[in-house]
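Let's take a walk through this protein chain together. Have a look at the sequence and the 3D view, and then we'll go through it piece by piece.

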Amino acid sequence: MSVELVEVDRSGFRECVHRGSVVVLDPDGEVILALGEVHTPIYPRSSNKLMQAVALLRSGFAPSDNRELAIAAGSHEGEPEHVAVVHRLLTRSGLAEHQLRCPPELPSNETARARVLASGALPRRIFMNCSGKHAAMLSACVARDWPLESYLEPTHPIQLAVMDTIAELAGETDYELGIDSCGLPIVPLSLSALARGFATLATAAADSEERAVADAVREQPWLVSGTGHHDFLLMSAVPGLLCKVGADGVHAGALPDGTSFALKIDDGGERARLPLTAALLHRLGVAWTEDLAELASPPVLGGGVRVGTIRAIPGVLR
């Protein structure tokens, strides 16, 4: 059963509580903290993207630099530079935007979305936050001469490679595929297995595909996420941290020594994710800097001023 993890305080009154589950593994893969349902499969959603990117490298995806690899592993916000990197990736492989099979959307970033709307433009596939992953999958298909039109299908060679790679890295194979919001198959994993996958990437050998993905994500956190996004804020505040959010309240990551974590907020509330992860990192020994403390206590506003906070429930992570 899940537990109470995060509370929302307004004017000294506990207004809301978010329940969920969280697991922490030590560098040897042993559980050192388990709250809630850490062995029950969930949909990691975009937290799987780093392991998916490893599969794409193994399948022929050849990024020109870490910017392209980061966007392939990321959930970008549709800001102009995000779109430019995805477009470059497509063009280098002789591909065009219409070949992406992710749904057309407006940018997630408010400023970028406002500019698109002001220009009179319509939603586009390249604006969708998974377009980097889709472009990289198509690039791998070009390299292997695999069919392009059917790359979303679970039986397509690129998806079989993704499933095999995730099973290898996370050490868990008992799953039934779902469909993610971008249309691609999604591999369910337990939180324990998800954390184990991140530890594998964070501690991989220097010449491996796993390490290439980890290094690109840590080097380019803005391309993995975007302005003001949780992963950008956390990886900027904690040197060496590797992490990736997933939709509906999922987050996973690892420190350079292989200590890893994964969490899921039951109600999918994304406001609970950042303060919980920041508090969890402090629990793991990360220095309580001003930046990390601020991330662990985002404000609740009333009339434009702070009247409360969102925070991990005191003592819950002991």
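## Starting at C130

Let's begin with one cysteine. Setting aside the residues within four places of it in sequence, C130 is in contact with S46, K49 and C182. You'll find C130 in the loop between α4 (110-118) and α5. Keep in mind that this is a predicted model.

Is C130 buried or exposed? Its relative accessibility is 2%, and anything under 20% is taken as buried, so C130 counts as buried. For a sense of distance, pick out R318 as well: C130 and R318 are 188 residues apart along the chain, and their C-alpha atoms are separated by 36 Å.

## The chain as a whole

Now zoom out. The chain has 12 helices and 10 strands. Its radius of gyration is 19 Å, close to the 20 Å that the globule rule gives for 318 residues, so the chain is as compact as a globular protein of that length. Along its principal axes, the C-alpha trace spans about 60 × 50 × 35 Å.

How much of the chain is buried? Buried residues make up 56% of the 318 residues. As for contacts with a separation of 6 or more, 62% of them come from residues 24 or more positions apart.

## Two helices side by side: α3 and α5

Next, some helix packing. Two packed helices are described by the angle between their axes and the distance between the axes. Helix α3 (residues 80-92) packs with helix α5 (residues 131-144) at an angle of about 10°, and their axes are 9 Å apart. How are the two oriented? An angle under 35 degrees counts as roughly parallel, so α3 is roughly parallel to α5.

On the α3 side, the contact is made by V86, L89 and L90, and on the α5 side by S131, G132, A135, A136 and S139. Sorted by class, this contact of α3 with α5 has 5 nonpolar, 3 polar and no charged residues.

## A crossing pair: α1 and α8

Here's another pair to find in the view. The axes of helix α1 (residues 49-58) and helix α8 (residues 209-219) come within 9 Å and cross at roughly 125°. That angle is why α1 and α8 are oblique to each other. The crossing in which α1 passes α8 is right-handed.

Which residues make the contact? From α1 they are L50, A53, V54, L57 and R58, and from α8 they are E209, E210, A212, V213 and V217. By class, the contact of α1 with α8 has 7 nonpolar, no polar and 3 charged residues.

## Two valines to look up

V116 sits in helix α4. With a relative accessibility of 10%, V116 counts as buried. Not counting residues up to four places away in sequence, V116 touches L106, P107, A121, L122 and F127. S190 is 74 residues from V116 along the chain, and the C-alpha atoms of V116 and S190 are separated by 39 Å.

The other valine, V224, is found in helix α9 (residues 221-224). V224 is at 0% relative accessibility, so it counts as buried. Leaving out neighbours within four places in sequence, V224 is in contact with A70, A73, G74, S75, H76, V217 and K244. One of these, V217, also takes part on the α8 side of the contact with α1. W288 is 64 residues away from V224 along the chain, with 24 Å between their C-alpha atoms.

Last stop: backbone angles. Most residues other than glycine have a negative phi. What is the phi of D145? D145 has a positive phi of about 60° although it is not a glycine. The loop between α5 and α6 (157-170) is where D145 is found. D145 counts as exposed, because its relative accessibility is 69%.

D248 isn't a glycine either, and its phi is positive, at about 60°. Look for D248 in the loop between β6 (242-246) and β7 (250-254). Its relative accessibility is 38%, so D248 counts as partly exposed.

Technical notes. Residues are numbered from 1 along each chain as its sequence is written. This is a predicted model: local features need pLDDT of at least 70, side-chain atom pairs count only at pLDDT 80 or more; totals for chains, interfaces and linings use all residues. Side-chain values use heavy atoms; hydrogens and water are left out. Axes are lines fitted to C-alpha atoms, for helices over the stretch in contact, and angles run from 0 to 180 degrees between N-to-C directions. Helices (H or I, at least four residues) and strands (E, at least two) are DSSP runs, numbered from the N terminus. Angles under 35 degrees count as roughly parallel, over 145 as roughly antiparallel, 65 to 115 as roughly perpendicular and the rest as oblique. A crossing is left-handed if the near helix is turned anticlockwise from the far one by less than a right angle, and right-handed if clockwise. Contact means heavy atoms within 4.5 Å. Ala, Val, Leu, Ile, Met, Phe, Trp, Tyr, Cys and Pro count as nonpolar, Asp, Glu, Lys and Arg as charged, and the others, Gly among them, as polar. Buried means under 20% relative accessible area, exposed over 50%, partly exposed in between (1.4 Å probe, protein chains only). The radius of gyration is taken over C-alpha atoms; the globule rule is 2.2 Å times the number of residues to the power 0.38.
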